[in-house]
Amino acid sequence: MQLQSTERGPLARIVGVVATIAVVALAATLGIVVLAVILGLALIGTVVVGLRAWWLRRQFRQASARAAEQRSGARGHRGSVIEGEFTRSNDERPPRSSDPG
């Protein structure tokens, strides 16, 4: 069985070539746009993660500095803490009233 091939005319060939070029151009453009979007999202994610890491390191350094300052302050100011005992006496005075009457 032989398939008959229909020969296309020159106008059909030109339309086919133009359509093929248009489809390839559209696919390439769409691919470039998708790649740009993916790279942009990756860049934004990298910046967000980098800023978060910087912020956490900064917070950690500040907390470490405060802890070191408190440790050195506790050693240098031992006289500022007063330790002792007290007893409460049972001879409480009655409250003074402001009414003269």
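Here is a short chat about reading a predicted model.

Visitor: Let's start with the fold. How many helices and strands does the protein have?

Guide: This is a predicted model, and the protein has one helix and zero strands. That helix, α1, runs over residues 10-76.

Visitor: Which residues does the "transmembrane region" annotation cover?

Guide: An annotation like that comes from a record, and it may be inferred rather than shown by experiment. Here the unreviewed UniProt entry puts "transmembrane region" on residues 12-30 and 36-56.

Visitor: Which residues make the nonpolar surface patch?

Guide: Look for L43, V47, L51, W54, W55 and L56, which together make a patch of about 620 Å². Take L51, which is found in helix α1.

Visitor: Why does L51 count as exposed?

Guide: Exposed means over 50% relative accessible area. L51 has 51%, so the label is exposed. W54, at 44%, counts as partly exposed, and W55 gets that label at 38%.

Visitor: And the aromatic rings: how many pairs does the count come to?

Guide: Ring centres have to lie within 6.5 Å to pair. The count comes to one aromatic pair. That's W54 and W55, with ring centres 6.2 Å apart.

Visitor: Why is the pair of W54 and W55 called tilted?

Guide: Planes under 30 degrees apart count as stacked and over 60 as edge-to-face, with the rest tilted. The planes of W54 and W55 are at 55 degrees, so the pair is tilted.

How values were computed:
Residues numbered from 1 in each chain as written. Predicted model: local features only at pLDDT ≥ 70, side-chain atom pairs only at ≥ 80, totals over all residues. Heavy atoms only, no water. Patch = residues over 30% accessible without salt bridge, like charges linked within 9 Å, V, L, I, M, F, W, Y side chains within 5 Å. Areas by Shrake-Rupley, 256 points an atom, 1.4 Å probe, with all protein chains shown as cover. Salt bridge = Lys/Arg side-chain N within 4 Å of Asp/Glu carboxyl O. Helix = DSSP H or I, 4+ residues; strand = E, 2+ residues; numbered from the N terminus. Buried < 20%, exposed > 50% of the residue type's maximum accessible area, 1.4 Å probe, protein only. Phe/Tyr/Trp six-rings, centres within 6.5 Å; stacked < 30°, edge-to-face > 60°.
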